[in-house]
There are 2 protein chains.
Amino acid sequence: MVNRRKDEHMANAFRALGHPVRLRIVRILNDEGASFAGDITRRLPVVASTASQHLKILREAGLINDAADGPHRYYSVNKQALLDLKAWVRKL
Amino acid sequence: MVNRRKDEHMANAFRALGHPVRLRIVRILNDEGASFAGDITRRLPVVASTASQHLKILREAGLINDAADGPHRYYSVNKQALLDLKAWVRKL
DNA sequence: CGCTATCATCGTATTTCGACGAACAACGAC
DNA sequence: GTCGTTGTTCGTCGAAATACGATGATAGCG
């Protein structure tokens, strides 16, 4: 099948979104713009190390970007990834 | 947050879609219409009992419907659930 | 330099997922 | 009733996910 690899990639993205905390992270970044890790974590019901893991999962799924900024870390949504997601879902 | 419960529900749906086999099931039902369990299973790289489990997960997530039809079981997409999913994703 | 702040990563315990084969249930044909 | 077909559920086991605290790494302040 032509789209087997694409499906694999999309399944990865969906799996990353398939957790309340991670869904909330994406919504925070999407609704309120890029943020520092601490500002995100402060709004989540988990400790910092756990939040960091969730951010890593979203990053590895390609859904968010990160950049170092002094001792802080700046996170933002990957707009292109979200566009791809929307395009895929629209076909359902 | 107003949409905490909604997010929980959407995370469930995303988690259900977060597996290649289940994504493929949804695509089969969506692209080719409702099907018997056996016809679906035959196109998946897993044995029948595993396919049945995946169908159950999708059903419990509300993404597909099922109906008994003699010794067969008939599966179809839940159009409303997909509409909800699309509406949610569109807001990203 | 030492000190604080900010995050990430490591180590670990618990839970959940995902796969299979075996056993079970429901239906139709006979 | 007994088969044969279809599909689900059960039992099990290894792999992965999820949470936490502890430790490590880096940047800026003094």
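A residue is called buried when its relative accessible area is under 20%, exposed when that area is over 50%, and partly exposed in between (1.4 Å probe, protein chains only). This is a predicted model, in which local features need pLDDT of at least 70 and side-chain atom pairs count only at pLDDT 80 or more, while totals for chains, interfaces and linings use all residues. Residues are numbered from 1 along each chain as its sequence is written, chains are lettered from A and ligands numbered from 1 in the order in which they are written, and side-chain values use heavy atoms, with hydrogens and water left out.

Helices (H or I, at least four residues) and strands (E, at least two) are DSSP runs, numbered from the N terminus. In chain A, helix H1 covers residues 4–17. Its 14 residues reach 20 Å from the first C-alpha to the last, close to the 20 Å expected at 1.5 Å a residue; the expected span is 1.5 Å times one less than the number of residues. The buried residues of H1(A) are Asp7(A), Met10(A), Ala11(A), Ala13(A), Phe14(A), Ala16(A) and Leu17(A). An α-helix has 3.6 residues a turn, so residues three or four places apart point the same way. The cover over the buried residues of H1(A) includes helices H2, H4 and H5 of chain A, together with H1 and H2 of chain B.

The description now turns to the interface. Contact, meaning heavy atoms within 4.5 Å, involves 26 residues from chain A and 25 residues from chain B. Two salt bridges are found across this interface, each being a side-chain nitrogen of Lys or Arg within 4 Å of a carboxyl oxygen of Asp or Glu. In one salt bridge, the side chain of Asp7(B) meets that of Arg27(A) at 2.8 Å, N to O. On the side of chain B that touches chain A, the elements giving two or more residues are helices H1 (4–17), H2 (20–32) and H5 (79–90) of chain B. Of these, H1(B) gives the most, with seven residues.

Trp88(B) lies in helix H5 of chain B. Trp88(B) counts as buried because its relative accessibility is 8%. Leaving out residues up to four places away in sequence, Trp88(B) touches Leu23(A) and Arg27(A), as well as Lys6(B), Asp7(B), Met10(B) and Phe14(B).

Elsewhere in chain B, Ser35(B) belongs to strand E1, residues 35–36. Ser35(B) also counts as buried, because its relative accessibility is 13%. Beyond its neighbours within four places in sequence, Ser35(B) is in contact with residues including Leu29(B), Ile40(B) and Tyr75(B).
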